[in-house]
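Good morning, colleagues. Please look at the sequence and the structure before I describe them.

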Amino acid sequence: MAGLRTIASPPIADASAPLEAEEARLLLRALADPIRLQVIEALGSGERCVCDLTTDLGLAQSKLSFHLKVLKETGLLADRQSGRWVYYRLQPEALERLRAWLAALAASCTAPAEPCG
């Protein structure tokens with residue numbers, strides 16, 4: 001995704017810190033792509049080998065690798081290598097920080113406007 005800046009190379013430096021609006025924007029932008037959302041959903045049940053993701057999502061290795069890289073750079077995924085295979089998993093801390101940011105936004109969005117005057 002051209003122009004996508006990264007928050008941090010995984011894991012996010014301080015997983016307990018509140019998510020800043022810029023970080024939320026980057027995470028949401030990464031998740032907005034339909035292929036990346038499919039990857040996230042596929043990893044929702046646990047760690048998966050890249051070979052399985054390629055087959056299950058019906059994607060060419062190069063296309064999948066690009067999307068995995070974007071998700072990893074934004075801190076949403078982590079990976080590990082075992083032999084010649086790479087395994088990917090979700091970073092629950094990043095998802096939790098995004099959830100908390102959205103919850104705070106939802107909690108504050110019902111405040112009435114100040115009277116004009």
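Predicted model: local features only at pLDDT ≥ 70, side-chain atom pairs only at ≥ 80, totals over all residues.

Residues are numbered from 1 along each chain as its sequence is written, and side-chain values use heavy atoms, with hydrogens and water left out.

The protein has 5 helices and 3 strands, taken as DSSP runs numbered from the N terminus, with H or I of at least four residues for helices and E of at least two for strands. Their order from the N terminus is α-α-β-α-α-β-β-α. The accessible surface comes to about 7,000 Å², and 57% of that belongs to carbon and sulfur atoms; areas come from the Shrake-Rupley method with a 1.4 Å probe, and for residues only the protein chains shown count as cover. Of the 117 residues, 34% are buried, where buried means under 20% relative accessible area, exposed over 50%, and partly exposed in between.

I turn to the hairpin. Strand 2 (residues 77-82) and strand 3 run antiparallel and are joined by 6 bridges; pairing requires that DSSP find at least two bridges between two strands. Leucine 77 has leucine 90 in strand 3 as its bridge partner. There are 2 residues between the strands, and glycine 83 in the turn has a positive phi of about 65°.

Where does leucine 43 lie? It lies in the loop between helix 2 and strand 1 (48-49). Leucine 43 counts as buried because its relative accessible area is 2%. Its contacts, meaning heavy atoms within 4.5 Å, include Leu53, Leu77 and Leu90, not counting residues up to four places away in sequence. The C-alpha atoms of leucine 43 and arginine 89 are separated by 6.0 Å, although these residues are 46 residues apart along the chain.

Finally, leucine 105 is found in helix 5 (residues 92-108). Leucine 105 counts as partly exposed because its relative accessibility is 44%.

Terms used
Buried < 20%, exposed > 50% of the residue type's maximum accessible area, 1.4 Å probe, protein only.
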